[in-house]
Amino acid sequence: LDLTLYKSLKRVHINRFAFTTTSGFVAEDLPFLQTIEIGDYTFSGSEKAEFLVRRCNALSLLSIGKRSFTHTKRLTVVENPCLESIEIGRANALNR
């Protein structure tokens with residue numbers, strides 16, 4: 001799932017059990033993106049998957065639910081100057 005073309009994106013909210021066969025997640029050069037919230041058991045299908053969040057200058061919160069990205073080869077979060085909080089595997093993350 002590559003969000004790079006959505007330059008005006010402000011929030012990403014992905015419910016649990018979504019994108020189970022998707023090969024990765026990319027949010028790069030998104031100047032208005034403030035929050036990324038990913039529910040439990042997402043992006044868990046591919047062993048070659050990569051997770052990248054880079055140069056999202058307004059990003060302040062990154063939340064990844066339990067058992068998400070379990071087979072991810074690389075998780076990279078860099079160059080996000082406003083990032084204040086990263087939550088990974090938090091109990092009950094986005095269980096809606």
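Residues are numbered from 1 along each chain as its sequence is written, and side-chain values use heavy atoms, with hydrogens and water left out. Because the model is predicted, local features need pLDDT of at least 70 and side-chain atom pairs count only at pLDDT 80 or more, while totals for chains, interfaces and linings use all residues.

## Strands and sheets

Strands are DSSP runs of E with at least two residues, numbered from the N terminus. Two strands pair if DSSP finds at least two bridges between them.

An open sheet of three strands has the order β2-β4-β6, and its pairing is parallel. β2 and β6 are the edge strands, each with a single partner, so one side of each has no neighbour in the sheet. From one strand to the next, the twist averages 5°; axes here are lines fitted to C-alpha atoms, and angles run from 0 to 180 degrees between N-to-C directions. Five bridges hold the parallel pair of β2 and β4. Within that pair, valine 26 has leucine 52 in β4 as its bridge partner.

β1 and β3 are joined by four bridges, and isoleucine 14 stands opposite isoleucine 38 in β3. β3 and β5 are likewise parallel, with four bridges between them; here threonine 35 stands opposite leucine 61 in β5.

Which residues of β3 point one way, and which the other way? Thr35 and Glu37 point one way, Ile36 and Ile38 point the other way, and all are buried. Buried means under 20% relative accessible area, exposed means over 50%, and partly exposed lies in between (1.4 Å probe, protein chains only).

The structure holds six salt bridges, each defined as a side-chain nitrogen of Lys or Arg within 4 Å of a carboxyl oxygen of Asp or Glu.

| Glutamate 28 | Arginine 55 | 3.1 Å |

Glutamate 28 forms its salt bridge with arginine 55 at 3.1 Å. Glutamate 28 is in strand β2 and arginine 55 is in the loop between β4 (50-54) and β5, so this pair ties together parts 27 residues apart in sequence. Glutamate 28 is buried, at 15% relative accessible area, whereas arginine 55 is partly exposed, at 30%.

Aspartate 29 sits in the loop between β2 and β3 (35-38), so its pairing with arginine 55 ties together parts 26 residues apart in sequence. Aspartate 29 is partly exposed, with a relative accessible area of 29%.

Glutamate 79 counts as partly exposed at 49% relative accessibility.

## Cysteines

How many disulfides does a search of the whole structure find? The search finds zero, where a disulfide is a pair of cysteine sulfur atoms within 2.5 Å. For cysteine 56, the nearest cysteine sulfur is that of cysteine 82, 11 Å away. Cysteine 82 is also in no disulfide, its nearest cysteine sulfur being that of cysteine 56. As to accessibility, cysteine 56 is buried, with a relative accessible area of 0%, whereas cysteine 82 is partly exposed at 40%.

## Positive phi angles

Phenylalanine 17 is not a glycine, yet it has a positive phi of about 65°. Phenylalanine 17 is located in the loop between β1 (11-14) and β2 (24-28).

Arginine 67, also not a glycine, has a positive phi of about 60°. The loop between β5 (61-65) and β6 (74-78) contains arginine 67. Arginine 67 is exposed, with a relative accessible area of 57%.
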